[in-house]
2 protein chains.
Amino acid sequence: MSYQLYYWDGLQGRGEFVRLALEEARADYVEVCRGSESAGLGIGAMMDVLGSKSEPHPPYAPPFLRDGDLLIPQTANILFYLGPKLGLAPRDEGLRYVANGLQLTVADMVTEVHDTHHPLATGLYYEDQKDAAKIRAHDFIDNRIPKFMRYFERVLKQNPDGDQHMVSGALTYVDLSMFQLIDGLHYAFPRAMKRFGEHYPRLAALHDAVAERPNLAAYLTSKRRLAYNETGIFRHYPELDKAAR
Amino acid sequence: MSYQLYYWDGLQGRGEFVRLALEEARADYVEVCRGSESAGLGIGAMMDVLGSKSEPHPPYAPPFLRDGDLLIPQTANILFYLGPKLGLAPRDEGLRYVANGLQLTVADMVTEVHDTHHPLATGLYYEDQKDAAKIRAHDFIDNRIPKFMRYFERVLKQNPDGDQHMVSGALTYVDLSMFQLIDGLHYAFPRAMKRFGEHYPRLAALHDAVAERPNLAAYLTSKRRLAYNETGIFRHYPELDKAAR
């Protein structure tokens, strides 16, 4: 049976980190919100699960994945679950916790990216928190991007199995998520990211290598890959961008 | 061999979620930063790991746990790893992903608690972002506490194994973390939390039941349990608190 991925339609968002793993593995999956109501799919099907009073383990928010009877919420949790099934997790049991630790650090940075345009309240419009957003975004560019990226570059450098992968000597879902994080930052902050490859050569090489993998390249040019836009996590507001110090 | 827990001394912080599990299980563990330099412990020992150029899998930030050769970062990841070893995870394999999903949702809320006093930049003093903090904290009280807590209350209510535990019919590390989250919110926002038990009776009962467990009660009154203070995640700034709507 195929996996059912529940995530908002119309934006990449956190669901994209799961999609990249499913696409790289050419897994059989249904994008629930993009399906038709007549087939029992569509956004209504997702809202039914979120609001269900009988679901034994209701999720808090999308993305979540259904695999048979199991309903698995939270991006990093979904990838921890799917990784071994898709051949995208380290074979070594211990390294799976290393992978999960890295994925959660990616998730922490993703949350900070979101907060650059919504520092005061998720429920307020961006326009109503623009001044605060500018302060937070510029701090993000000056302090947080360097802090996280220096760390991730060091992870590659110190990986005993080689600097081509975040963990182990083979591709894992963490590499795919790292691609998405860097790619999204290029979209949101092109000025800040201009010299990214000079500062973080291993990360830049990883980004390009992932983009060139046949399954990923096919996905990235397909209609299934939505364009970045200003409803997602990575938003391009020129006033929030600036050259890196 | 005993577990080595690496976390800042002087505050509960994210390390506390791990401590509660270790203490409930009466596990043998060393609090590295509270140890003496002469024993190779202390904060210097933690900084050495964080800055190490030879550590094969360096962590990004505390807390992290060493178990033999394994170095495990990220609070939820540590608990996912420790849970089964300490008898604090569901026995059912599938439910372990439910537990991890809940723990990650607790972590998301913890991050939002932190951002109530640091909405603009982690590197800035609270005093320099007080106005923004007030907006964010009041939004947190009006919108975020109800959204998260209604969800967690519903998780208890819909748990097919009974409403005494977040997942499965027995105590897990998620219950301990839920205790800490509620307890910390009582400290930080006493006015907002005043009628918590009326709105969320199952969560309030869970909080009290956890506090009364013999091992936990012994820990909570010991010197090992640090008092809440204004360097941790849960900070009591009266100007950020207000009655819930």
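**Exercises on a two-chain predicted model**

Of the residues of chain B, B:Pro119 comes closest to the rotation axis, with its C-alpha at 2.9 Å. This is a predicted model, in which local features need pLDDT of at least 70, side-chain atom pairs count only at pLDDT 80 or more, and totals for chains, interfaces and linings use all residues. Residues are numbered from 1 along each chain as its sequence is written, and chains are lettered from A in the order in which they are written.

**Exercise 1.** Determine how chain B is superposed on chain A.

**Exercise 2.** Describe the side of chain B that touches chain A.

*Solution.* Step 1: 37 residues of chain B are in contact (C-beta atoms, placed from the backbone, within 7 Å) with 37 residues of chain A. Step 2: strand S4 (70-73), helix H3 (75-86), helix H4 (93-117) and helix H5 (130-158) of chain B each supply at least two residues of this side; helices (H or I, at least four residues) and strands (E, at least two) are DSSP runs, numbered from the N terminus. Step 3: of the interface residues of chain B, 100% are also interface residues in chain A, so the copies meet through the same surface.

Technical notes: Two residues are in contact if their C-beta atoms, placed from the backbone, lie within 7 Å. Copies are superposed by least squares on the C-alpha atoms of residues with pLDDT of at least 70 in both.
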